[in-house]
Amino acid sequence: MSFDTSVDTLANVITIVALMRFPLPLTTKIAGYMIAQKLRGTKKFATVLQLEPLHTCNLTCTGCGRIREYSTSLKDMMSLEDCLGAAEECNAPMISICGGEPLIYPHIEALVKGLLEQKRIVYICTNAMFMRKKMREWLASRVSTQKEFVESKITALVQAGLISEKDATEIRKGPKDPAKPTIGPSTWMYWNVHLDGLERIHDLIVEREGVFKECILAIKMAKILGYQVATNTTIYKETDMQEVEQMFDYLSDLGVDGHTISPGYEYDAAKKDMVKRLNLQPENFFLTRKMTIEKFQKIEEWMQRYNLFGTPVYFEFLAGKRDLTCSAWAIPTRNIRGWKGPCYLMTDAHYSSYAELLEKTQWERYGVVNGVARDSRCENCMVHCGYEPTASLGLQAQRGDTWKTVKFNFGPKPKPTGLGSEVLAFNGVTSGNGHLTGKRAEASAQAS
Ligand code: SF4
Ligand code: SF4
């Protein structure tokens, strides 16, 4: 190995080590994996697997492409063996379990357990509606071995209004099926809660009243029990970025560990649904590239103030300060039909293996290069799953990127802003397809 190569490798190593504002063991795990791939000379490899065990969901969010694209196979689901096999096959260090709503998957506990045994970092991407139930089940599983701990947590949760006396009684009875695994707190696992705004906007987007409130209760309960919690937010044309900022203030004060934020992509299936079912025009909802750049003007300020998961290079891209090309092969999606190509968002084929996805996808046909879309469907895409790997793997590195990333990731984790109490998070409720119920913000706040 020449000196130059060594220096390059060292620079890449440092970039990689500094990948995210994660706890050190997780950063080390990801770094070790990526360094090994680089040293082996592997050109394309998976960093995150988007695993969709099923597409069933209890909600019908307005911009969701999944439940529309796979509307004919909503009852189908992957077997536990297939799910665990997919993680082994692509070997990504991080697994994002999404869907559909993964907490509906009947083997979710065994899946999380299996992935943790495989030493993966696990994200459970959820709309939070079943999170408190899953956490009560975990607490019940501790009764026989950690009685005092369970009692202290029950007291705290009842006092905070996060469980009822009836729930407490059920927990004290212990698990219904002691042999069934539960989802407990772990350094290696995050609840990743979908939140697209404060109460009014979030409930409008998910098309159901009360979802925001449940998300907040679930987050509070998770923090009391010692879980790690992240949130993921999609930005649409109508998103008020001032409100997103307030939401981060509010969430950081709740002790949320980190946030991902990504511009909304105009899924074909979501667009058709919008026209047919809601009589809305997609161009009024989804972002063009120009609009994305306008929306993300403050992202670099936010990355200092909030614990955003990502790299400064990707944030510069979102703010329109540099160009990146797409590396969708690094964040593959596996679902009931196979390995989805070319990416999480677009479907041209499903393949039987990750190797086949890599081999048969004509990657040079996708993405935007020098402002020109190779595929017209990519034109407005700047999403995390296509462009973040380009940044984090240093595939278009510029001078200074390495140290910028090191500084960002090894700098102090932003403290809670302390502004959460000033935020009117429960700012009114909506129902149905976004029609105001008439319940005023103050009434909603009092009810919270
Ligand atoms: S919760 Fe997620 S999977 Fe369910 S409809 Fe909403 S965006 Fe789609
Ligand atoms: S740019 Fe990449 S991630 Fe975005 S739609 Fe095209 S292939 Fe998919």
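A residue counts as buried if 20 or more other C-beta atoms lie within 10 Å of its own, and as exposed if 12 or fewer do. With that cut-off in hand, let's work through some exercises on this predicted model.

**Exercise 1. A helix and its surroundings**

Solution: 
- Step 1. Start with the span: helix α9 covers residues 199-206.
- Step 2. Apply the cut-off. The buried residues in α9 are Glu199, Arg200, Ile201, His202, Asp203, Leu204, Ile205 and Val206.
- Step 3. Draw the conclusion. Since 8 of the 8 residues are buried, α9 is largely enclosed by the rest of the structure.
- Step 4. Move on along the chain.

**Exercise 2. Reading the open sheet**

Task: In what order do the 9 strands of the open sheet lie, and which are the edge strands?

Solution: 
- Step 1. Write down the order, β6-β5-β4-β3-β2-β1-β7-β8-β9, with mixed pairing.
- Step 2. Look for strands that pair on one side only: these are β6 (258-263) and β9 (347-351).
- Step 3. Place the helices. Helix α5 (residues 108-117) packs on the sheet and touches β2 (94-97), β3 (121-126) and β4 (189-194), with its direction at about 155° to that of β3. Helix α10 (residues 211-225) also packs on the sheet; it touches β4 and β5, and its direction makes about 165° with that of β4.

**Exercise 3. Strand β4 and its partners**

Task: Which residues point each way from β4, and how many bridges join β3 and β4?

Solution: 
- Step 1. Check the burial: 6 of the 6 residues of β4 are buried.
- Step 2. Sort the side chains. Met189, Trp191 and Val193 point one way, while Tyr190, Asn192 and His194 point the other way, and all are buried.
- Step 3. Pair β4 with β3. These two strands run parallel over 5 bridges, and Ile124 has Trp191 in β4 as its bridge partner.
- Step 4. Pair β4 with β5. The sense is parallel here too, over 5 bridges, and Tyr190 stands opposite Gln228 in β5.
- Step 5. Strand β5 (residues 228-235) is joined to β6 by 6 bridges, and the two run parallel. Ile235 has Pro263 in β6 as its bridge partner.

**Exercise 4. Two hairpins**

Task: Do β7 and β8 pair in the parallel or antiparallel sense, and how many residues lie between β8 and β9 in their hairpin?

Solution: 
- Step 1. Take β7 (residues 333-335) with β8: the pairing is antiparallel, over 3 bridges. Thr333 stands opposite Lys340 in β8.
- Step 2. Examine the link. β7 and β8 form a hairpin with 2 residues between them.
- Step 3. Repeat for β8 and β9, which run antiparallel and are joined by 4 bridges. Here Trp339 is opposite Tyr351 in β9, and the hairpin has 4 residues between its strands.
- Step 4. Check how covered β8 (residues 338-342) is: 4 of its 5 residues are buried.

**Exercise 5. An arginine in a loop**

Task: Is Arg365 buried or exposed, and which residues is Arg365 in contact with, leaving aside its neighbours within four places in sequence?

Solution: 
- Step 1. Locate Arg365 in the loop between α16 (354-360) and β10 (368-369).
- Step 2. Count neighbours. Arg365 has 11 C-beta neighbours inside 10 Å, so Arg365 counts as exposed.
- Step 3. List the contacts beyond four places in sequence: Arg374 and Asp375.
- Step 4. Compare sequence with space. Arg365 and Pro342 are 23 residues apart in sequence and 9.6 Å apart C-alpha to C-alpha.

**Exercise 6. Two ligand shells**

Solution: 
- Step 1. For ligand 1 the count is 13, with Cys57, Leu59, Cys61, Cys64 and Asn127 nearest. By class, this shell has 6 nonpolar, 5 polar and 2 charged residues.
- Step 2. For ligand 2 the count is 14, and Cys326, Cys343, Cys378, Cys381 and Gly386 are the closest. Its shell has 11 nonpolar, 2 polar and 1 charged residues.

Key: Residues numbered from 1 in each chain as written. Chains lettered and ligands numbered in written order. Predicted model: local features only at pLDDT ≥ 70, side-chain atom pairs only at ≥ 80, totals over all residues. Near = placed C-beta within 6 Å. Nonpolar A, V, L, I, M, F, W, Y, C, P; charged D, E, K, R; others polar. Pairing = 2+ DSSP bridges. Contact = placed C-beta atoms within 7 Å. Axes fitted to C-alpha atoms, helices over the stretch in contact; angles between N-to-C directions.
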